[in-house]
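Hi everyone, thanks for making time. Please bring the model up on your screens, and we can walk through it together.

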Amino acid sequence: MIIAGKKVLYNSKEFKILFDQLFPSMCVLATRILDDEHKGKDIAQEAFIKLWQNPDENFATENSLKAYLYVLVRNACYSLLRKEKRITKDPLEQHLHLPSEKRILEEILREETFSLLHEAIKELSPQARKVIKLTLQGMTNEETAQKLSVSINTVKTVKKRAYKALREKLGSQFMFIVFIQLIDFFN
């Protein structure tokens with residue numbers, strides 16, 4: 001396949017990197033549509049097999065490859081749901097059983113955003129990574145301090161520095177991530 005004018009072979013290091021980056025997002029999307037993690041992973045894997053079976057595919061950018069895979073996964077999920085008779089071809093009935101396009105796009109955006117966040121977190125110091133991960137799991141400063149056997153002031157300082165580093169790394173996307181976290185918290 002060709003991405004942004006560069007040939008990527010399916011048995012290459014570049015393809016493995018792409019697979020490692022994109023496969024989890026495809027699994028999440030399929031799992032949310034199907035409400036079945038095992039089937040979601042199967043669908044995501046089948047999408048990459050279809051990609052592999054079409055070596056002449058040409059994508060202008062990595063984002064166009066992602067979009068292609070998202071559509072492939074979504075359509076495969078819908079086909080499976082029809083096959084399992086969980087939906088019909090009747091548009092009215094189908095609408096009642098499937099997540100809306102808007103909801104699917106929201107899930108894709110959320111998954112992409114969290115993927116960026118987790119990549120940025122990997123670049124933090126080991127202590128900052130631990131503090132941020134515990135914070136994202138909903139732990140308070142006190143709980144984090146106890147779990148890591150440090151003072152609460154250490155947690156606050158590490159968290160402040162980590163947030164600053166994440167803001168610098170992610171720019172305006174950082175505020176979007178915080179906004180999504182708040183929405184998830186209140187839902």
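What we have is a predicted model, in which local features need pLDDT of at least 70, side-chain atom pairs count only at pLDDT 80 or more, and totals for chains, interfaces and linings use all residues. Residues are numbered from 1 along each chain as its sequence is written, and side-chain values use heavy atoms, with hydrogens and water left out.

Let's start with helix 3, residues 62-83. Helices here are DSSP runs of H or I with at least four residues, strands are E runs of at least two, and both are numbered from the N terminus. Helix 3 has 22 residues and spans 31 Å from its first C-alpha to its last, close to the 32 Å expected at 1.5 Å a residue; that expected span is 1.5 Å times one less than the number of residues. Among its buried residues are Leu65, Leu69, Leu72, Val73, Ala76, Cys77 and Leu80. By buried I mean under 20% relative accessible area, with exposed over 50% and partly exposed in between, using a 1.4 Å probe and protein chains only. An α-helix has 3.6 residues a turn, so residues three or four places apart point the same way.

How does helix 2 pack with helix 3? Their angle is about 125 degrees, and their axes are 9 Å apart. The axes are lines fitted to C-alpha atoms, for helices over the stretch in contact, and angles run from 0 to 180 degrees between N-to-C directions. So this pair is oblique, given that under 35 degrees counts as roughly parallel, over 145 as roughly antiparallel, 65 to 115 as roughly perpendicular and the rest as oblique. Helix 2 brings Lys39, Ile43, Ala44, Ala47, Phe48, Lys50 and Leu51 to the contact, while helix 3 brings Leu65, Tyr68, Leu69, Leu72, Val73, Ala76, Cys77 and Leu80. Contact means heavy atoms within 4.5 Å. Those residues divide into 13 nonpolar, no polar and two charged. For that count, Ala, Val, Leu, Ile, Met, Phe, Trp, Tyr, Cys and Pro are nonpolar, Asp, Glu, Lys and Arg are charged, and the others, Gly among them, are polar.

Now the second pair. The axes of helix 7 and helix 8 (residues 152-170) come within 8 Å and cross at roughly 105 degrees, so these two helices are roughly perpendicular. Asn141, Glu142, Thr144 and Ala145 of helix 7 meet Ile152, Val155, Lys156 and Lys159 of helix 8. That contact divides into three nonpolar, two polar and three charged residues.

Is Thr144 buried or exposed? Thr144 is buried, at a relative accessible area of 0%. Beyond its neighbours within four places in sequence, Thr144 is in contact with Val131, Leu134, Met139 and Val155.

In the loop between helix 7 and helix 8 you'll find Ser149, which has a positive phi of about 55 degrees although it is not a glycine. Ser149 is exposed, with a relative accessible area of 67%. Asp35 has a positive phi too, near 60 degrees; Asp35 sits in the loop between helix 1 and helix 2 and is exposed at 69%.

Last stop: Lys7 in strand 2, residues 6-7. Lys7 is exposed, at 52%, and touches Met1, Ile2 and Pro55, leaving out residues up to four places away in sequence. Lys7 and Pro55 are 48 residues apart in sequence, with their C-alpha atoms 9.7 Å apart.
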